[in-house]
Amino acid sequence: MELRKDYFSDERNDDLNEIGHSRTRSDTPGHVTGRTAYFADRTFPGLLHLKMMRSPHHHANIRSIDVSEAEKHPGVIRVLTAKDVPHNLYTILILIQVGPEDETVLADKKVSWKGEAVVAVLATSERAAQEGAAKVKVEYEVLPAVFDMEEALKPDAPLVNEHHPGNFYLYDSGDHRKVRFGDVEAGFAMADHILEQTYNSSPIEQAPLETTGCIVTPDGNDRFTCYTDTQAMFFTLDNASIILQMPGHKLHMVGGTVGGGFGGKVDVIVEPIAILAAKLTGRPVSFIYSREEEMQISSPRAAERIVIRDGVMNDGRLVARKVTGYTDAGAYSRHSPYGAQKGAAHYPGPYTVENVWIDTYCVYTNRTPSSAMRGFGVTIADFALEVQMDKLARLIGMDPLEFRFINAYRDGDMKAHRQPTEGAALIECMQEASRVADWPVADRFYEMSSRSREA
Amino acid sequence: MALKRGRGVAAINYPTGMNLGGDPSQALVHSTPTGSFMVTLSSVDLGQGLRQVMSQICAETIGVPTEAVTIDTADTDTGPHCMGTFASRGTHRIGNAIVQAAREARDVMLEVAAEELEVDAGDLETDGTGNIHVKGAPQKSISVFDTALAAHFKHGRSISGRGMFLVPRSFPETETGAMKPATCYAHACVVADVEVDDETGEVSVLSVKNVYDVGRALNPKMVEQQLVGGSWMGISHALFETTEPYYPDRDNGGTDFNQYLMPGPGNLADTETIVIERPAADGPYGAKGVGEMCANPQIPAVANAIFDAVGVRVDTMPITPERVLRALKAQSREAPAG
Amino acid sequence: MARVPVQFTLNGQERAEFVESGVTLLHALRDTMGDTSPKGGCQQGACGACSVIVDGELRLSCLTLAETCEGASIETAAGLASEGVLHPLQRAIVDGFAAQCGFCTPGMIMAAKTLLDHTPNPTREDVIEAISGNICRCTGYEPIIQAVLKAARSNSQKAG
């Protein structure tokens, strides 16, 4: 890696004692010797293992649950169903007033995705818990399922989640988040060319090497210590407190080094049920996802569909950009309404466009709920925006890099969401990329600055 | 049938911290009797090296060596609230909280040192190696060690500080979308070179030239770790990764690392990393969040390079050999080779 | 479940314990022997985080039954440093910033050590081959490859 210190040197103090120096990481000696403590590097006498009996159907009503055979299975200590969970209906972002509560810890009346948790089985070994879970009998009435976002938004589509009529998240702005800036239709009217394209993505797994999990021990004083690999200690504590109707001071979360997160450990899924199990059995409880659960049960990055309609002039100016984005939340909200909103704030990308129209929808379908992953709300948007930029450049016969220089935002430019641009450095990144990649552009682009516009 | 080469570019920006703000983090700093400093947090280290960076931020602010700072974190019984480690917020949000806490602790430390030296606290400075001295008169000095001892056992002063950082929550206007989603943005521009096998549809990313604006590289080698690993993940996203290969069809999802594909050590692109530092006005020592943005620009750069190589657009991620091949077949149906 | 005795050498120390019949070497090491350096990343032999060396050969401890290691000599990442001095591979990973979350690191090191034990002067391709069964999600692999090559160079310098 090379630091190009000549850019913006007048904005920095490079003469500091500790900042700007590549000090050796103090944690790495622990990593290489295997001494770093991850949550699962602990053993407790009498530890119980929790395994989940999960829905085999994409969408079904639950008619009955029979746990009698599971309870009799050798090694099984306790079986938990929805009625054991004090506040079974929850949503994680309720902490920052983003509701409604729309997901059950354990399904009671209905399952809305294949893999949804129905019954938790606690046993003295993983194997006994797994075998016990296989003996849970659930009678289902299978319902029609919907997987495609546009199908889900049709009026006669199966209702994925009773808390979200119409299968969309209801923002205060309606069925989608809006950004309106300038007059997009006037922009299209003046444009030399209009290009409308659709981009799609599929769900993506965070795939940390360490799977999601926790170990809970009853402290003996009505408090519970939860060793967890969550990315957010208090998010977990506060949500567990709500779900378990247990005051926060009864809960003690201990993290450490997490074996990779990438957004996959921001949901609060394993901890509340494991704490409940420890409380009801009085024994330490371990609930750790298998690799298969990590791959298909834990929330992935949402699939998205993004339609971009642009108006561009022959001289390279982007004069109108209209974006319609759809985020596939799967069956429950988790962080997806937030992600769709983040997309609305991100468009039209790092470019100054005078006429912008943005609609982003968060849509419910019968699949694994999606949630946070490295860059969500923006990653797929950038794929769509930057492929679109390439197409536009080629449409008007312009070099793709020069086309970006022409439209790049600068300090002081008003963004579509009505914040002035500050601290921009896109132009300098492009100048440096041009040099390092030997991708020449016209001289005037090397003279540009993010700090001001040329006269 | 041939291997065809192409080149593509992409440029991006990325917001630091939770969208629309409202995501606080706190830090507490105190000294031990012998002048070591403890930072208590509840933030989580995901492996990106949060502890190391936070100790450097604290050390710089107090004016002691990094080794003198210990980070005690991820325990809700001892650490004050942190929203969490996500949204490229750790360095920026928690770093700012530590700067505030460390400044307060430094002020107390200098007050105690001033009493010991019988000078004005405003005339003191730290040398960064464990000593405090009068500006312009380095011989009139006291060690941080002796200062902390005096604070504890003579003056009854707690060398400590509290820090809290919160970007106030913004609420979008319903009809216009006017809002303040973030306070600072990182930037990047990437040029990717690919080779596409037009017989199999396979894409090899030969090289990526990644230029990133990170605000400030607080620990350059650790920034490099993020940027290089992120670039790999971006390429992986572009070409390989999904849990539902035939989305929206729910079938054929991978359940293990044999089915869920990512580039291995034998499939690496030659990766060149260039860093520009335009400090963020509100970042700790100018730092912006880079954990997420570093993995984004490779995806469109690779997609654009594929078009440059073989003239087909695959507008659905991931750009698998099957999708490339189908696009090539559709292309040859439309315009048979003459 | 029946418990059976197993006896083997772990990082040079004689160990004898009773384990449940059918338990994997990974679980025996972690839960019974107190060596948590091998990690359970997938429990199905696909990630390499549990890699250990058994009688000089690289093994996935999650797919190895503890009972089959009777009398064997087992090496793990926890035993590589001697008297507080890191093994050259460990040193190279620390100095080369070649670990992030660290979860793959012990297994990665054992895979690399197996290579260097057999091939003291490996090529880049040798290193890639040797670690290709070990998944890392953080680093993008290049820093690890560089660290292994550096460790090999420092080893051969010492030998020379």
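Predicted model: local features only at pLDDT ≥ 70, side-chain atom pairs only at ≥ 80, totals over all residues.
Chain A and chain B touch each other, and the contact draws on 103 residues from chain A and 102 residues from chain B. On the side of chain A that touches chain B, the residues divide by class into 45 nonpolar, 30 polar and 28 charged. Part of the link between the two chains is made by strands: strand S1 of chain A, which covers residues 2-3, is joined by two bridges to strand S11 of chain B, residues 270-276, and the two strands run parallel. Within this pairing, A:Leu3 has B:Val275 as its bridge partner in S11(B).

Turning to chain A by itself, the domain assignment gives domain 1, made up of 48-142 + 207-296, and domain 2, made up of 165-204 + 300-397. The C-alpha centres of these two domains of chain A lie 35 Å apart, and the contact between them takes 17 residues from domain 1 and 17 residues from domain 2. The side of domain 1 of chain A that faces this contact with domain 2 has six nonpolar, eight polar and three charged residues.

Chain B is likewise described through its domain assignment, which gives domain 1 as 3-16 + 182-334 and domain 2 as 25-165.

Chain C remains to be described, and its secondary structure comes to five helices and five strands. Read from the N terminus on, the elements of chain C follow the order β-β-α-β-β-β-α-α-α-α, and the C-alpha trace of the chain spans about 50 × 35 × 25 Å along its principal axes.

How does the radius of gyration of chain C agree with that of a compact globule, and what values are involved? A compact globule with 160 residues would have a radius of gyration near 15 Å, and because chain C has 16 Å, its value agrees with that expectation. Of the 160 residues in chain C, 55% are buried.

Conventions
Residues numbered from 1 in each chain as written. Chains lettered and ligands numbered in written order. Contact = placed C-beta atoms within 7 Å. Nonpolar A, V, L, I, M, F, W, Y, C, P; charged D, E, K, R; others polar. Pairing = 2+ DSSP bridges. Helix = DSSP H or I, 4+ residues; strand = E, 2+ residues; numbered from the N terminus. Domains from an automatic or database assignment. Rg over C-alpha atoms; globule rule 2.2 N^0.38 Å. Buried ≥ 20, exposed ≤ 12 C-beta atoms within 10 Å, placed from the backbone.
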